Structure formats: C-alpha cells, structure tokens
Amino acid sequence: MNEGAPLVYGSCGYEGGVYMVAGQIDRSRYPVEALGVGRSGHGTPRRWPRKERSVKPENTAFSYDSDDSSQSSSASGSNKSSEKGEVPVRGEGREWRGRGRREPRQRRIAPERYLAASYPFQVKFTPDNLLNGSEWDTLSQEIWDKFVKSQQTEETFRKKMNLWRYLYISIKSMFPRYGLYVVGSTMSGFGLDSSDMDLCLHVRALAELEPRAHALLHLNYILSHIRSFDPGAELIQAKVPILKFRDERNGLQVDLNCNNVVGIRNTNLLYCYSRMDWRVRPLVAITKLWARAHRINDARRRTLSSYALTLMVIHFLQCGTSPAVLCRAGEARSRAQNRCSLGELFLNLLKYYAEFPYEQMAVSVRAARRVPVWECRARAAAAPPHHSPAHWKLLCVEEPFDLTNTARSVYDPETFEQIVSTFRSSYTRLARGLRLRDAWPQR
C-alpha cells in the first residue's frame with residue numbers, strides 16, 4: 001500500500017465510512033477534501049454489503065442456530081469468509097440464549113467423599129534408603145516386612161468407610177442433630193489391619209448436665225439401634241463411656257464414644273506426624289505389635305493403650321535421637337537430618353524407655369521434652385474436676401490437648417514393673433542378636 005493511502009475500517013450503518021491514513025497525518029497537507037470524501041470514483045467511500053439474516057427455526061437443538069459447516073470453519077480457525085471478500089456484520093453469528101437455572105448439585109456426605117477418594121496410607125514400595133549396608137540391614141528389613149504385612153489395607157479401610165456411611169445415615173435419620181466422626185488410627189495413618197474402628201458421636205453439650213452423664217444418656221439412645229444388628233453390644237460406663245459393638249459382616253470391632261472431641265484433634269496431629277518421615281509409621285506399627293506380643297497393650301487390663309504407645313514413639317523421635325527425627329508441633333524442622341536405620345531406631349527406643357526416669361519425668365509430645373511429674377500434678381490440681389493429680393502416678397504420658405495422662409490405666413505397681421522389665425529384657429536380647437525375634441517373647 002502506498003504511504004498515506006486511506007485505510008477503511010468498516011461501516012456502522014450510516015452514510016460514508018471511517019477513514020485513517022497510515023503514518024503521521026498532517027492536517028495542513030491532508031485536508032478532508034484531499035481524502036476524497038463525498039466524491040465519486042476512486043475516493044468514493046465503500047460500503048460493506050449487508051448480509052441477509054437467516055430466519056431462526058423454531059425448534060433448534062441447543063438453543064442456538066448452528067450448522068455444521070459454520071461450526072467447523074470457526075472451530076478450525078479458517079478464514080473462508082475473508083477469502084470470499086465478505087466481512088461479517090456486527091451482531092451476526094450465533095444467537096446465545098440463557099439457559100434455565102441448573103439444579104444445585106447435592107453435597108456428598110463425608111463417608112462418601114472418603115469412599116470416592118484414593119486410599120493414601122497403604123505402602124506398596126520399599127524406600128530406597130531402607131538398607132545402607134550396615135549391621136542393621138537384616139533387622140531393618142524384618143521390621144519393614146512385618147509392617148507391610150500388618151498395615152491397614154485399602155480393603156479394610158473401605159469396609160470401615162461403608163460401616164461409617166451406614167451408621168451416619170441411620171443415626172442422622174433418627175437424630176438429625178447428631179454428628180458422627182471417625183477418629184483414631186483408622187484416619188491417622190497408624191492403623192493396623194487388625195485395629196479397632198473408633199467413632200465419636202458429637203452432640204451439643206448442656207451446661208446444666210455433667211459431661212459423663214450427658215454422654216451416657218445419648219449412648220443409651222444409640223444402644224437400642226446398635227443391638228438391632230449386634231445383640232451383644234455393650235455400654236462400658238468408664239470415665240469416658242464407650243459403646244462397644246461388632247460388625248459381624250465385615251469383622252470389625254467398633255468403639256463409639258460421645259463428645260470426646262479431643263480425639264478429633266489428636267487424630268489430625270498424629271496424621272501430620274505420620275507424614276513427616278517414612279520411618280515413623282513402621283516404627284509405631286512394630287512397637288504396637290511388640291507390645292501386643294508381650295501383652296502390655298490393653299488399657300482394660302491396666303496396661304498401655306495404643307494411643308499412649310504412639311505418643312511414646314513420637315516423643316522418642318523428638319528427644320531420644322540426635323539429631324531429632326521429628327520436631328515439636330508448629331516448629332520448623334532442623335536442617336540436620338537423622339539417618340539412623342529402622343533397626344537402630346527400634347533398638348534405641350527400647351533402651352530409651354528401659355532407662356526412663358518414670359518417677360520424676362513424664363513423656364510430653366506437646367513440649368517435645370521430658371516434663372516434671374510434679375508440674376503435671378500441679379496443673380491437674382488447678383484444672384476442672386475431671387482432672388486429678390491422682391492420675392499421675394506410675395507411668396505418665398501427657399495428652400497434647402487436654403493435658404491428661406493417657407497412661408493412667410497403668411496404676412497397679414505390679415503391672416508397671418512388668419512393662420518396664422519388658423522394655424529392659426527386650427533391649428538386652430535385641431542388642432545381643434540384632435534379629436527381630438529376639439525382641440519377641442521367648443518360649
């Protein structure tokens with residue numbers, strides 16, 4: 001195009017067009033008459049021919065007029081209209097219409113969301129740094145193999161989620177204001193395939209009713225429904241009342257509490273710790289299996305609960321190793337990395353609690369250090385009535401949120417001595433042989 005020649009930029013339906021000149025326009029050199037406005041011939045303004053708008057048929061398929069040829073050309077980015085010398089008129093094209101308001105998607109309940117999601121806990125691959133060519137390799141491999149065989153499988157997890165869904169729907173239909181949550185090892189990542197399923201029934205607390213009496217009241221409401229599929233369901237009237245029942249169809253043992261909401265918070269805390277280091281879960285699993293084999297993992301028989309054992313392992317990984325494997329909750333991890341193998345950590349765990357000063361110190365995950373027992377007793381004396389200094393006797397493991405003693409079930413001196421001697425004897429035998437069977441009961 002010649003320099004200074006006019007460029008036409010469309011017509012808006014009125015006589016004449018809009019003209020522009022390439023380059024800098026000097027009004028003195030290019031008066032309006034020089035552009036040929038109003039003259040015939042070469043300078044006559046061009047008009048784009050109007051295209052007749054097609055009549056829209058009454059019944060179109062998708063609320064707009066569409067033919068396959070126009071869709072394919074526009075979708076492929078072709079410029080067929082320009083090749084023919086045609087320029088579309090403003091407003092020409094598909095005619096869109098607003099559709100009716102869609103029905104809101106029904107929100108899925110929590111059990112269904114877990115059933116639809118992938119199971120994140122089952123380990124299927126061996127970590128690259130499990131073995132390091134040291135004397136601990138055999139013991140580390142034995143611990144890992146035992147963990148893989150005993151971990152909670154996806155099949156068991158889905159059975160628990162289906163049971164949760166059934167109980168959630170049935171309880172909600174009778175008591176709409178009740179909430180039902182899965183807590184404990186099922187959700188924290190520390191579950192074994194043989195672990196019980198822990199549920200928390202959440203009800204709005206009443207200020208004029210004592211919490212334990214309130215829990216017993218609502219658990220009795222649920223008991224009649226539970227006995228419709230498990231006649232042997234039992235309500236244990238402990239300090240924290242528990243409704244125990246069994247799902248015979250799936251072979252699941254269930255513990256249902258009421259308003260023990262601290263279980264929801266510590267489940268989230270344990271889940272975070274289980275994700276910090278790949279060695280945490282197998283170390284907790286092997287400690288539970290070891291305690292079960294020695295019969296010191298049953299709170300009903302005045303020994304340690306699985307939750308107390310889990311806290312003891314996490315505390316050891318905070319304080320019993322150098323550098324620490326786990327940090328205190330809310331703090332940044334140290335740059336120094338602990339590279340001890342699984343076998344070495346398990347042996348040091350047994351040694352740590354074989355030599356622990358139980359009379360003076362308490363295990364604390366919250367503080368990531370040993371806490372004086374007198375301090376725990378003084379705090380319990382100043383706390384509400386459900387806290388008691390008498391709970392801090394022989395073996396003290398602090399609960400991170402409500403600061404109670406999770407090992408208060410160990411109140412018998414004979415049972416306490418059995419637990420400590422089990423740690424000592426297992427450590428002595430394992431240090432001598434470095435085989436996992438050495439830590440198990442000797443026949």
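A salt bridge is a side-chain nitrogen of Lys or Arg within 4 Å of a carboxyl oxygen of Asp or Glu. This is a predicted model, in which local features need pLDDT of at least 70 and side-chain atom pairs count only at pLDDT 80 or more, while totals for chains, interfaces and linings use all residues. Residues are numbered from 1 along each chain as its sequence is written, and side-chain values use heavy atoms, leaving out hydrogens and water.

Select Lys244 and Asp255. They form a salt bridge, with the closest N and O atoms 2.7 Å apart. Lys244 lies in strand β6 (residues 242–247) and Asp255 in strand β7 (residues 252–258), 11 residues apart; strands are DSSP runs (E, at least two residues), numbered from the N terminus. Lys244 is buried, at 12% relative accessible area, and Asp255 is buried at 14%. Buried means under 20%, exposed over 50%, partly exposed in between (1.4 Å probe, protein chains only).

Next, select Arg279 and Asp277. Their salt bridge has its closest N and O atoms 2.8 Å apart, and both residues are buried.

Move to Arg300 and Asp298, whose side chains meet in a salt bridge at 3.6 Å, N to O. Arg300 is exposed at 63%, whereas Asp298 is partly exposed at 21%. Then select Arg366, Glu375, Arg379 and Glu398, which salt bridges with shared partners join into one network. The whole structure has 12 salt bridges.

Notes. Helix = DSSP H or I, 4+ residues; strand = E, 2+ residues; numbered from the N terminus.
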